[in-house]
Amino acid sequence: MARPPRLDETKTPGFSGTADPALVARGRYVAQLGDCVACHTAPGGAELAGGRALETPFGTIYSTNITADKQHGLGNWSYAAFDRAMRHGVTAKGRRLYPAMPYPSYAKMSDEDMAALWAYLRQGVPVVDQSNKPLGMHFPFNQRWGLAYWDALFADTTPFVPNPQKDAIWNRGAYLVQGLGHCGACHTPRGIGFQELAMSDLGSKGHLFLSGAQVEHWNAVNLRDLWTVPDTVELLKTGQNRFATASGSMTDVILHSTQYVSDPDLTAIATYLKSLPTDQPRAALPAPVAASATPAATPVAAYTSRGGLGYVQFCTDCHRADGGGVKGVFPALAGNPTVAAQDPATLIHIALTGWKTASTGAHPRTYTMPAFARLSDAEIADILSYVRASWGQGAGAVDAAAVADARKSLDPKIDKTPFETPRLAQLLDAPNAAQLVRGMRLNAETHILLPKNVGNDLNCTSCHLNAGTVADGSPYVGVSAFFPSYAPRAGKVITMEDRINGCFRRSMNGKPLPPDSDDMKAMVAYFDWMKGHTQKEDKVPGRGVGKVDPKLVPNVAHGEKVYGAQCAVCHGQNGEGLKDAAGRTVYPPLWGDRSFNIGAGMARTYTAAAFVKRNMPIGFHEKFPLGQGGLSEQDAVDVAEYFTHQDRPDFPDKVKDWPKDPKPKDARY
């Protein structure tokens, strides 16, 4: 058993009073490089005061207070004691630290960086009087004396030695990755003693360094030769690039660490990672799409498999039918290393518990993917298998048992709202499955499949979200049960075919679809299937779009600000909508010649406000299934008044809109 290294007081950096402000500032940067805040700050807690839970296979470890508090922190420590803890994992009182504290990596730190970090922790961080939480490790792992054997067998405290055959940029990157960045703590596989199998790219096991590992049910991807240098720099600086968006604990790394790292240091890190060879297959990197290029195709299995239809229902609004995502907003799945990884742990974790983007200076707005734990294990497995088959470059299918095991360990929250979301995958069980799938596609791809009937860029699902299956988003559930019905606006009884053609004429500025056509029959069949067993007198939870208080007075100026902050990223600064590089509409225009007509229902302020309040923006929080809604009623009314009164195509038949009823106060004509 190894003895704790002795304290060498001769290594004290030479300050006893107030340190040089430049040294403290450098120490702050070193702390950012080492990502100290992410581990030593509890959610919502004081910075570096400890208390964050670190889950391990052997129990829970809580990070400690590393402020200069004399009772609970580093206030009574000497520099030599600090240096020993950082390099050898032994505290000032001689207690051994668990290697969840990456002291084998910090052993590679230079004396200059160590001294600067000490100066910052002692004099640059507010002192917090907060006690440390007791250990949560299981027996026998709660016996710290056993760590001496671990250190003797596995701890590599070799200092960093520059490679003379490499240039300064490469060596700086190697130093940061192997040392302060301790990237291997997550991205290097571990052995039987939970030790990192390699601490650098050297030696007989050097090929394992950063080759990928599973951490807390997340798959930390293989970093070796992952992307180009600019792509890696972009992800570390902003949290996203053209291939991926950070997830899991990596969002904390970017939030607290890498977004603050200097460009030269990020370039050095990326240069080093790019230089590491790998024998693992990589996802093919998609080429940039030119405006004149042929758009990427939707996989055929999207409409012929349960997983594909599940993806169409729950995933396409953000990740798109071709897996291309939405640049700067929602990550692409095509070319994404998480999708192509041999281990699907991250995909399963995100599907069950949800996910948020890292808030960075470049992308300060946080986007959320809600948890899909409401779906069964088999449904999630089907969808993820479809994703991997479509864009995973040969990655294997996901087994429902793997989802069940992860669910048991993660214990995710399950949405329990009363609205029963129909499953498009069940279309395949119907005897007229082909007709129903066609009807669903006509709703989802209306302006593409019916160009003679649609005069603009809208689809039925522009309002009826997720193919008409979202509560309070005009869901189709029960819709056909209410037809034929008397319509006060039209002043007559109308059929389902009449209602559909009304949408073509009003909301889409197009021509009616012949009632006896196969496409009209497919759309009506889809509505009838969605109705299920609903009767006309039944109350369907979530039907319609809800209501907002009509006594609220709109503030158009404030509505314009809300639009700019919450809506423009998807619908354009001038309401023109969002198109991809191939010119396809991603999110529809809200005004202008390609928008809905002046006579459409959304031209009424309070109707639009009710829809906005419950459904916009998407990706705003954790509500199933789109993370939709979240604005206050006043914000919704204000922004609805703003966009409903912008210029859009007129509708000659508007004179017939109120044949018996008085004109609603919020109608714009």
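This is a predicted model: local features need pLDDT of at least 70, side-chain atom pairs count only at pLDDT 80 or more; totals for chains, interfaces and linings use all residues.
Local features were considered at pLDDT of at least 70 and side-chain atom pairs only at pLDDT 80 or more, whereas totals for chains, interfaces and linings use all residues. Residues are numbered from 1 along each chain as its sequence is written, and side-chain values use heavy atoms, without hydrogens and water.

In soluble globular proteins, nonpolar side chains tend to be buried together. A nonpolar core is a set of buried Ala, Val, Leu, Ile, Met, Phe, Trp, Tyr and Cys residues joined through side-chain atoms within 4.5 Å; buried means under 20% relative accessible area, exposed over 50% and partly exposed in between (1.4 Å probe, protein chains only). The largest such core has 100 residues, and Met-440 and Phe-643 have the most contacts inside it. Helix H22 (residues 518-531) contributes the most to this core, with eight residues; helices (H or I, at least four residues) and strands (E, at least two) are DSSP runs, numbered from the N terminus. Apart from this core lies another, of 57 residues, including Ala-31 and Tyr-272.

Three strands form an open sheet in the order E1-E2-E3, with antiparallel pairing; pairing requires that DSSP finds at least two bridges between two strands. Strands E1 (53-56) and E3 (136-137) are the edge strands, each pairing on one side only.

The whole structure contains zero disulfides, a disulfide being a pair of cysteine sulfur atoms within 2.5 Å. For Cys-39, the nearest cysteine sulfur, that of Cys-186, is 8.1 Å away. Cys-39 is partly exposed, with a relative accessible area of 31%.
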